[in-house]
Amino acid sequence: MELAGSTPTTADAPRKDIFILSGQSNMAGRGGVLLHSHPRKWDGVVPPECAPSPNILRLSAHLRWEVSNEPLHRDIDSRKVCGVGPGMAFANAVHNSGSCGGSIGLVPCAVGGTAIREWARGEHLYQNMVRRAKEAVKHGSGEIRALLWYQGESDTYTQDEVDAYRMKMESLIGNVREDLALPSLPIIQISSSSSAVLTSMF
């Protein structure tokens, strides 16, 4: 896999600490989207903590590494208007902490308005996420460090959906770890609802 605009070999391409970004609109990014404009559009404002860096890359929809910049999910959640999400702020914080030896690779997979049932094994969104994650580590280009999962609001409309969420989330975690052959893969979960945001790590 090549970095867009260049042709590095596997030997001279820096290894990446790779993070999968998945879930619904909160992860895909709606920050700065002008909801009352017709058509909707992003205001183009990038907070300092989300500034691009040559050390932070993203895997495009065409499976090419390129320098990350907002909106990260512009070609993934392509039926919606994307803005600023948490991915770049997270990546900059990790990079600035010095805990990464090389560059950071982000794998955007989130799609707005999706329920957790749409991320079940065998469904298109799940299969695409796994395919992109596997592509990200081809040829020894890096190591998947964690899956960031920000989702939940679409599963709060009925009590049955709320009651079933934990079991579906546990199934998702188990399936991802099995299909990526990473039994201890950290899962950083932010569950959103109409009244609360909860953060967990598995």
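Are tryptophan 119 and tryptophan 149 buried or exposed? Both tryptophan 119 and tryptophan 149 are buried. Please keep in mind throughout that this is a predicted model. Here are my notes, point by point.

1. Let me start with the aromatic pairs. The count comes to 2. In one of them, the ring centres of phenylalanine 19 and phenylalanine 90 are 5.1 Å apart and the planes stand at 80°, so this is an edge-to-face pair. Phenylalanine 19 belongs to strand β1 (residues 16–23) and phenylalanine 90 to helix α2, so the pair ties together parts that lie 71 residues apart in sequence. Phenylalanine 19 has a relative accessibility of 7% and therefore counts as buried, whereas phenylalanine 90, at 23%, is partly exposed.

2. Now to the tryptophans of the opening question. The rings of tryptophan 119 and tryptophan 149 have centres 5.4 Å apart and planes at 90°, so they too form an edge-to-face pair. Tryptophan 119 sits in the loop between β6 (103–108) and α3 (124–136), while tryptophan 149 is part of strand β7 (residues 142–151), so this pair links parts that are 30 residues apart in sequence.

3. Of its 10 residues, 8 are buried, so β7 is largely enclosed by the rest of the structure. β7 pairs with β1 in the parallel sense, over 8 bridges.

4. Aspartate 17 is another residue of β1 to check. Its relative accessibility is 7%, so aspartate 17 counts as buried. What does the side chain of aspartate 17 make a polar contact with? The partner is the side chain of arginine 145, at 2.5 Å. Beyond its neighbours within four places in sequence, aspartate 17 is in contact with Cys100, Gly101, Gly102, Ser103, Ile104, Gly105, Glu143 and Arg145. Of these contacts, Glu143 and Arg145 have numbers that fall in β7 (residues 142–151).

5. The side chain of serine 68 reaches the backbone oxygen of leucine 57 at 3.0 Å. Leaving out residues up to four places away in sequence, serine 68 touches Pro52, Ser53, Ile56, Leu57, Arg58, Met88 and Leu106.

6. Next comes helix α4 (residues 159–179). Its 21 residues should span 30 Å at 1.5 Å a residue, and the end C-alpha atoms are 30 Å apart, so the two values agree. Even so, α4 bends by about 40° at tyrosine 165. Tyrosine 165 is itself one of the buried residues of α4, a list that also holds Ala164, Met169, Leu172, Ile173, Asn175, Val176 and Arg177. After the helix comes alanine 181, which has a positive phi, near 55°.

7. The bond from histidine 38 to proline 39 is cis, with omega near -5°. Proline 39 is located in the loop between β2 (33–34) and β3 (41–42). Glutamate 70 and proline 71 are also joined by a cis peptide bond, with omega about -10°.

8. Finally, some backbone angles to look at. Leucine 63 is not a glycine, yet its phi is positive, about 65°. Leucine 63 is placed in the loop between β4 (56–59) and β5, and its relative accessibility of 19% means that it counts as buried, the cut-off being under 20%. Histidine 139 is likewise not a glycine and has a positive phi of about 65°.

Methods
Residues are numbered from 1 along each chain as its sequence is written. This is a predicted model: local features need pLDDT of at least 70, side-chain atom pairs count only at pLDDT 80 or more; totals for chains, interfaces and linings use all residues. Side-chain values use heavy atoms; hydrogens and water are left out. A polar contact is a pair of N or O atoms within 3.5 Å; within protein, one must be able to donate a hydrogen and the other to accept it, and residues adjacent in sequence count only if both atoms are side-chain atoms. Contact means heavy atoms within 4.5 Å. Rings of Phe, Tyr and Trp (its six-membered ring) pair if their centres lie within 6.5 Å; planes under 30 degrees apart count as stacked, over 60 as edge-to-face and the rest as tilted. Helices (H or I, at least four residues) and strands (E, at least two) are DSSP runs, numbered from the N terminus. Buried means under 20% relative accessible area, exposed over 50%, partly exposed in between (1.4 Å probe, protein chains only). The expected span of a helix is 1.5 Å times one less than its number of residues. The bend at a residue is the angle between axes fitted to the seven residues ending there and the seven starting there. Two strands pair if DSSP finds at least two bridges between them.
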